[in-house]
Amino acid sequence: YAIKERKIVYGRYNKLDLGDGFLYFKLKQFKDKVYLRCGVNSDICKASYVVPIENDELDIDKMKCIVPHNHPPDETAVEAEKFMLQLRRGVEAMECYPSKKIYNIVAEGYPELAKLYPYKLLSRRIRYWRKLLKENDTVKIDYDSV
């Protein structure tokens, strides 16, 4: 479903950024509403919300809180999610480049996060994403040749 105006959907597990400094993921979805949970570990925060769906869009203005957050908003977490998404897209788009170069290109747009998440910390994840790409290419080639 589309989200009105400033709201975006991105990243792992279809996390939602509703523009309030928190990340959410879908807990349940019905025809007329979606239940959201805080994107922080569920042992830490049990926050949940109900968002009605109108005209195939989440109507954030009518979002109702079931359980409030027990922590302040974390803009760094929201930006980190965007950084990871851009890094993964970079791996997919620049698969011929060395991992370190891909990281450096993406990190230029996120200098503060590059300090928090240096290449050494993310190199295994980047290798894993590359491995997934190769496996998907292999599967695609196998299907095309049949």
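This is a predicted model: local features need pLDDT of at least 70, side-chain atom pairs count only at pLDDT 80 or more; totals for chains, interfaces and linings use all residues.
Buried residues are those with under 20% relative accessible area, exposed ones have over 50%, and partly exposed ones fall in between (1.4 Å probe, protein chains only).

View 1. Residues are numbered from 1 along each chain as its sequence is written, and side-chain values use heavy atoms, with hydrogens and water left out. Of the 146 residues in the protein chain, 35% are buried. The chain has four helices and eight strands, which are DSSP runs numbered from the N terminus (helices: H or I, at least four residues; strands: E, at least two). Along the sequence these elements follow the pattern β-β-β-β-β-β-β-β-α-α-α-α. Contact here means heavy atoms within 4.5 Å, and among the contacts with a separation of 6 or more, 44% join residues 24 or more positions apart.

**View 2. The largest nonpolar core and a second, separate one.** A nonpolar core is a set of buried Ala, Val, Leu, Ile, Met, Phe, Trp, Tyr and Cys residues joined through side-chain atoms within 4.5 Å. The largest has 17 residues, and those with the most contacts inside it are Phe-83, Leu-87, Val-91, Tyr-103, Leu-122 and Ile-126. At least two residues of this core come from each of helix H1 (75–93), helix H2 (99–107), helix H3 (111–116) and helix H4 (119–145), and H1 gives the most, with five residues. A second, separate core of 14 residues includes Leu-16, Val-34, Tyr-49 and Ile-53.

View 3. Apart from its neighbours within four places in sequence, Leu-87 is in contact with Ile-102, Tyr-103, Val-106, Leu-122, Ile-126 and Trp-129. Ile-126 is placed in helix H4 and counts as buried because its relative accessible area is 0%. Leaving out residues up to four places away in sequence, Ile-126 touches Leu-87, Val-91, Ser-99, Tyr-103 and Tyr-119. Ile-126 and Met-84 are 42 residues apart in sequence, and their C-alpha atoms are 9.9 Å apart in space.

**View 4. Leu-116, an exposed residue of helix H3.** Leu-116 lies in helix H3, and it counts as exposed because its relative accessibility is 52%. When residues up to four places away in sequence are not counted, Leu-116 touches Thr-76 and Leu-121. From Leu-116 to Ala-80 the C-alpha to C-alpha distance is 9.1 Å, although the two are 36 residues apart in sequence.

**View 5. The residues that line the largest pocket.** A pocket is an open set of points on a 1 Å grid over the protein atoms alone, where a 1.4 Å probe fits, with protein on both sides within 12 Å along at least five of seven lines; lining residues have an atom within 4 Å of a point. The largest pocket is lined by 17 residues, of which Lys-15, Leu-23, Ala-77, Val-78 and Glu-81 lie nearest its centre. Helix H1 supplies the largest share of this lining, five residues.
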